[in-house]
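Me: Hi! I am new to protein structures and would like to go through this one step by step. Could you help me read it?

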Amino acid sequence: MIRKATFLVSNSDLTKCPKPDRAEIAFIGRSNVGKSSLINMLTGVKELAKTSQKPGKTQLINHFTIDDRWYLVDLPGYGFAKVSKDKKVKWEKMISEYLTTRTNLCGVFVLIDSRLEPQTIDLEFLNWCGEEDVPFVVAFTKADKQSKTQTDRNVKAFLNKLVEIFGDTPDYFVTSAEKGQGKEAVVQYLADLVAEFESQRATR
Ligand code: GTP
Ligand code: MG
């Protein structure tokens, strides 16, 4: 269970991110996929991360402190069409640098819209994560938006694509920020990642 979640800082400059002195877990995915909503659901703080019906709401690297112990990070979404090329390139650089250089990053939740058939942009992003050794987990979002049958079908199709790319399925969760679906399992997974990171640090 998460007992305390507070906003710490927003950055576009990696060098200004908090000192990497504790475990950190980031959330990323297409614009509007539900990253900020999922973070609010998991932490139980309704307006911790700002959400919007319009894609492109989160534009910076946002650090939150969880239980005075680890950092949770809300990242801007990728694949948002309505931004200038210049801005897009800047975001991509910022996000890819963050994901490949942040030394305390112990997990990255890549969010996938459970309403959709496999999208090339998500598969390409996950492929890139694989190449760069970014430690990712998949969370399907918005499962309340359609029938379970439809969700299961999309999840299965997506996992099949990942098997084609990686030869196996990554850890994954099916969630709904609206209904709280997946909360317990994801929160437990986060706790395990943090504990693992801390025990590795302690023995170094
Ligand atoms: P950006 O910051 O723009 O990249 O978007 P985001 O991925 O943070 O998405 P956000 O959490 O702002 O949610 C986008 C929209 O989807 C909002 O209108 C949310 O209310 C809605 N939404 C998010 N998660 C769910 C969910 O699980 N179920 C339903 N029904 N709606 C959701
Ligand atoms: Mg957001």
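This is a predicted model: local features need pLDDT of at least 70, side-chain atom pairs count only at pLDDT 80 or more; totals for chains, interfaces and linings use all residues.

Me: In what order do the strands of the open sheet lie?
Reply: Residues are numbered from 1 along each chain as its sequence is written, chains are lettered from A and ligands numbered from 1 in the order in which they are written, and side-chain values use heavy atoms, with hydrogens and water left out. Strands are DSSP runs of E with at least two residues, helices are runs of H or I with at least four, and both are numbered from the N terminus. The 7 strands have mixed pairing, and their order is β1-β3-β4-β2-β5-β6-β7.

Me: Which are the edge strands?
Reply: Two strands pair if DSSP finds at least two bridges between them. An edge strand pairs on one side only, and here that describes β1 (5-11) and β7 (172-174).

Me: Which residue in β3 is the bridge partner of Thr-6?
Reply: β1 and β3 (residues 61-66) pair in the antiparallel sense over 6 bridges. In β3, the partner of Thr-6 is Thr-65.

Me: At what angle do the axes of α3 and α4 cross?
Reply: Axes are lines fitted to C-alpha atoms, for helices over the stretch in contact, and angles run from 0 to 180 degrees between N-to-C directions. The axes of α3 (residues 120-131) and α4 (residues 148-166) come within 11 Å and cross at roughly 40 degrees.

Me: Is Ser-31 buried or exposed?
Reply: Ser-31 lies in the loop between β2 and α1 (35-43). Beyond its neighbours within four places in sequence, Ser-31 is in contact (heavy atoms within 4.5 Å) with Pro-55, Gly-56, Gly-77, Tyr-78 and Phe-80. Buried means under 20% relative accessible area, exposed over 50%, and partly exposed in between, with a 1.4 Å probe and protein chains only. Ser-31 has 11% relative accessibility, so this residue counts as buried.

Me: And Thr-203: is that residue buried or exposed?
Reply: Thr-203 is found in helix α5. Because its relative accessibility is 70%, Thr-203 counts as exposed.
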